[in-house]
Amino acid sequence: MSYISTTGPRTLYDKVFDDHVVHKDESGSYLLYIDRHLVHEVTSPQAFEGLKNAGRKVRRIDCTLATVDHNIPTVSRKNFKSTATFIEQPDSRLQVETLEQNVKDFGVTFFGMSSSRQGIVHVIGPEQGFTLPGTTVVCGDSHTSTHGAFGSLAFGIGTSEVEHVMATQTIIQSKSKNMKIFVEGTLSDGITSKDLILHIIGVIGTAGGTGCVIEFAGAAIEALSMEARMSMCNMAIEAGARAGMIKPDEITFEYIKDKPLAPKGAEWEKAVKYWRTLHTDEGANFDHEVVIKASDVVPTITWGTSPQDALPITASVPDPSKVTDPIKKSGMENALKYMGLTPNTPFKQIPIDKVFIGSCTNSRIEDLRNAAAVVKGYKKATNVKLALVVPGSGLVKAQAEKEGLDKIFEEAGFEWREAGCSMCLGMNPDILEPEERCASTSNRNFEGRQGAKSRTHLMSPAMAAAAGIIGHFFDIREFQYKNGDEPKISLDQAAEDKALQDAVYEHENEPVQPDEASEEVAEEEIDDIPISTTTKAETKPVGMKPFHTLKGTTAPLDKANVDTDAIIPKQFLKTIKRTGLRSGLFYEWRFVKGADGKDKETDFVLNVEPYRNAEILLVSGDNFGCGSSREHAPWALKDFGIKCIIAPSFGDIFYNNSFKNGLLPIRIDQQTILEKLFPIAKAGSSLVVDLPNQTIADKDGNILVQHFEIEPFRKHCLVNGLDDIGITMQKEEFITKYEAVRRDRFSFLEGGAKLIKPVRGTKKSPFGVTAQEW
Ligand SMILES: CC(C)[C@H](C(=O)O)[C@@H](O)C(=O)O
Ligand code: SF4
């Protein structure tokens, strides 16, 4: 049906994308229909507030499902009465209560703390059958990529986009590049998809997938369970990609079949018929292809402060003195200092303080079974202060308890908790103390991620469990299981040697940037969905302050892979406002605690004159703003006074979020930055960014950059100060037409979250909608 964005054979991504095009603009930007919107308490308050202020509704409550996960304590809820009494931390309580109120006001289906269906947002969607193949799935959360395991196009969005989706059920998108990661052969016994994805990120780097949607393919991927596929796609974002996808197959259909929201009867047949068309056609073009040999993958852990710092467990802490590239060398030195590691120490000799088994990467039933198989019959090592096991949802918890896994953990001295994000990012009481080392099954090892000065090592559930039993990192293939049904492990010496040889990954792959100028689009309108390039002006969109020319002091920042956790740490995300984040900007880098317990400024560039008043941030390294989707990052930068950021490349979601807030991100190659712009910034002088003419000059008008790329639509919005929702509202007729066709062609998607039965009845909300008790 509908729309073909590419001539000839198409990829899985092309197909799902095309089937959701509502409208294409003259400038080449697309309006995509969103089938499934997941909502949590951290990134939604400002979006609901925006709707309320504008007098708007949630357009499709059947396509919207909300839960609480980040802020909630994971201690027993046996005595849970209300959020007000259960959550002690005031900011966390406010965020959760705000969502509880918002879902009532807007009539959104909600799994709160008293519901057995509550859980991490990326666990509950698939578990309910809310996530289905071929759908578009979004959430104000970067790990929305998880849902791509079903062959859906799933990606994280910022809070402005959350509001946009709630108001219009659409999102403005440009087409990403296609990247294929082909994993040939079979994974060895004892090797999980977590080892595989860490290995892949070790090879391609955290910027390797920038600007791309990755399709994971090959025999090793096809052999994975749905849980294992979700762990893979979950971390596509750590590889810098917009989304990760795996073609749906019999394993997918089998997983979905009995889920509460799975289509039933004839609708099931119709759905499966469509889902079977969702595969990459023979001969389809990929912009980038990477081949990985499954037999090269061994148990893998991270040593540093970026997920790309991944190595085989059999390796040792890398040695910066062996690295020649000065930027890489100093990055490695800083990471080792932060992590408290000595070069050349074998990983297997490094003791740990805590274990965390949980997070949206590895908290599903299969993960817990793998960890319990290791733990069974053992006791936690005496040096391990705490081993937390946190199921991904109430339903995972119930299933695990049915299987007796909770008892296995508890007998070993591990703590068995209630569902939530827990120690993955420490927005709740589960945090590491400074300098504690954690064997963690989560997805991010950024500085301060699990608590101030925390030290995170990412690995599979079985490896984390083994570390908890032995007391230091351990090779799961050498572990003596006591339950008699351990996986058969073959230590293939050749694969071992190869893995060690490749041990210091070089991240050779250049980050891929969307080539805005040369987007190849063959338009073809089929059937009855109108794809128009014109817009009927019914209402005039309003919005931000227009951006024309900016002359500003430019602060140089000589760093790569600056993640959004570093830009604005987790403790500042507990706000329900968009403003007031200035003091949290780069908090861990800008401040240290003085002897009196008060914050003291460091010599970080933004604390130094003249950069305290900087309006432009000039970054030397790749991938600025990688990681989380928190729009708090651009809000904090804006609050500080930064209006433009220049860097060789950006994290996709951060890049998007910046535009929504009138903050201009400009991509310039590293050589130009270092040779032409850095000297000016270092001298404390100003740069002049001219957006209409797409040039950068020095303060005297000498042009330094003749032309920088920016998508025409984004430029148009910034220069005119236009707000996206207003623009999209003008396209109502196209949205309505799309919905009419969707009701027929994708009838199996209708009803969605509204088909979930409330367990405690209904009541009328003060806003007139029916509020339900879950
Ligand atoms: C809070 C949320 C915005 C964030 C994300 O987008 O990923 C969080 O889930 C994380 O893992 O850092
Ligand atoms: S990455 Fe961690 S904090 Fe983010 S959604 Fe997943 S479990 Fe929650």
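Predicted model: local features only at pLDDT ≥ 70, side-chain atom pairs only at ≥ 80, totals over all residues.
Let's start with one glycine: G202 sits in helix α7.

**G202 and its surroundings**
- G202 counts as buried because it has 25 C-beta neighbours inside 10 Å, and the cut-off for buried is 20 or more.
- Although G202 and T302 are 100 residues apart along the chain, their C-alpha atoms are separated by 9.0 Å.

**Domains and their contact**
- The chain splits into domain 1 (12–293 + 731–767), domain 2 (299–483) and domain 3 (549–724).
- Between the C-alpha centres of domain 1 and domain 2 there are 26 Å; their contact involves 41 residues from domain 1 and 40 residues from domain 2.
- On the side of domain 1 that touches domain 2, at least two residues come from each of α5 (121–128), α7 (193–204) and α9 (226–234).
- Helix α7 gives the largest share of that side, with six residues.
- Sorted by class, the side of domain 1 that touches domain 2 holds 21 polar, 12 nonpolar and eight charged residues.

**Around ligand 2**
- Both domain 1 and domain 2 take part in the shell around ligand 2, each with at least three residues.
- You will find D69, H70, I120, D141, H143, S359, C360, C421, C424, L425, S442 and N443 around ligand 2.
- By class, this shell around ligand 2 has five nonpolar, five polar and two charged residues.

Definitions and conventions
Residues numbered from 1 in each chain as written. Chains lettered and ligands numbered in written order. Near = placed C-beta within 6 Å. Nonpolar A, V, L, I, M, F, W, Y, C, P; charged D, E, K, R; others polar. Domains from an automatic or database assignment. Contact = placed C-beta atoms within 7 Å. Helix = DSSP H or I, 4+ residues; strand = E, 2+ residues; numbered from the N terminus. Buried ≥ 20, exposed ≤ 12 C-beta atoms within 10 Å, placed from the backbone.
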